[in-house]
Amino acid sequence: MLKKLLLGSVMALSFVGSAAAETVNILMEGVPDTEYVKALVPEFTKETGIDVNLEVVNYAEMHTKLVPQLVAPKGSYSAIVVDFYWVGEFAKAGWMQPLDERIKADNFDTSVYVPALMDLVGKVDGTTYMLPFYNYAMGLTYRTDLLADAKNQAGFKAKYNMDLRVPQTWDEYLKQVEFFTKDGFYGVVNQGLRPDPIAMEWSNYLFANGGEYHDANWKPTLNTEAGVKALEQYTTAINKYGPVGSASFGFDEAFNVMAQGKAYSYITYNFFRTSYDDPKKSAVVGKVEIMPVPGVSPDKGGSLNGAWGWAIPKSSPNPDAAWTFLKWVESKETAKKRALAGGSPTRTDVFDDPDVLAKYPYYPALKKLLLTSHNFAVFTYTPQLVEVLGRELSLAVAGEKSPQDALAAIEVEFTELAKKDGKLQ
């Protein structure tokens, strides 16, 4: 009897020890939202006894580190974060576990997510593989003080016979860009670095002109009137209305120009909005606001959507513990804490939370931005399409190709990739 009791005690201690020692390993990018999660992880461990190890690397390393673990029978990552660039590839390869049964069993409400984000980093062909983690949709940041200036208002009215105000349409915004470019000050600063920065930024110009990447059957629709106008306008913005060198700017360099008070506007990722009010990073505190990129009419936005999603890989060594973490990190309570710290929410109830609104009065504009944003072309070969875009858009900006020729070249390679993926027949 004593032997049985001792054995039972040892087994009980062994169970407690193994539970306490269970670890959820996650590979993440070194961005602010990762830091907000990292700061809250001790709360999760205290509640569940599950340790969380966040391996933080730069974006360029992530895909290379992930793939060998995803193809293994049992990998080292319990959960992963997935950029929308990779959604098509990861889903087609069967690397992510469906989450619908777990969601149903635990009554986890996914209806609170912004619909466009669920389309981007949530569901694939009707199956839920991810929970949207954070958004990086792009918006128009602009100088409110310049719009309110009486001298500027009079000058703009005299030149264009219209009021100087928060732009309601894309054409109105382009007039403002032209107007504010003078005396060493720029109407706009752009992130023209290839391939990713220019591809993402130019997408806003495309959507603002009423264009899209493809039709319902995945036939490319870039070499069109809207696409050509978008590329002509983008080329003019960089070469005529922006600082020298912006054709090779990444988002950090472009943000610095705006934050130093040298430009009227910058289309950028919405998570930069808080940085404009940080006196350590900005000389324009209280003078910059964000809005959806205006479109061809007041009710048509031009913003590009962007986001990451949480997923559990098929190769996860402990998927149940990973799901426990996903439920916690995406709960309203934790998501709210992340937002209050400066994160970029994906849940509408966080955007509507009184405490969050009190701290960030511009959140209604961010919510509208997300609700009216456009998704990029998401398929197995999204990264390859971005490379093509970066190459051809840069050639057009440099004057080495006409907008028509650059867009025609993109369409040829886009068509090949869409056919290879089975999207286009």
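These legends accompany several views of one predicted protein model.

View 1. Let's start with the overall fold: the secondary structure comes to 19 helices and 10 strands. Helices (H or I, at least four residues) and strands (E, at least two) are DSSP runs, numbered from the N terminus. Along the principal axes, the C-alpha atoms fill a box of roughly 100 × 50 × 35 Å.

**View 2. Confidence along the chain.** The pLDDT, which is the predictor's confidence in each residue from 0 to 100, averages 94 for the protein, and 95% of the residues score at least 70. Over residues 1–20, though, the pLDDT is below 50, and beyond near neighbours in sequence this stretch has three contacts in the model. Contact here means heavy atoms within 4.5 Å.

**View 3. Helix α12 and what covers it.** Look along residues 251–259 for helix α12, whose buried residues are A254, F255, V257, M258 and A259. Buried means under 20% relative accessible area, exposed over 50%, and partly exposed in between (1.4 Å probe, protein chains only). The cover over these buried residues includes the strands β7 (138–143), β8 (265–269) and β9 (288–291). After α12 comes G261, which has a positive phi near 80°.

**View 4. L366 in helix α17.** You will find L366 in helix α17, which spans residues 363–371. L366 has a relative accessible area of 6%, so it counts as buried. Leaving aside neighbours within four places in sequence, L366 is in contact with N270, I290 and F351. From L366 to V288 the C-alpha to C-alpha distance is 14 Å, and these residues are 78 apart in sequence.

**View 5. Burial and contacts across the protein.** Of the 425 residues, 53% count as buried. Among contacts between residues at least 6 apart in sequence, 72% join residues at least 24 apart.

**Notes for all views.** Residues are numbered from 1 along each chain as its sequence is written, and side-chain values use heavy atoms, with hydrogens and water left out. As this is a predicted model, local features need pLDDT of at least 70 and side-chain atom pairs count only at pLDDT 80 or more, while totals for chains, interfaces and linings use all residues.
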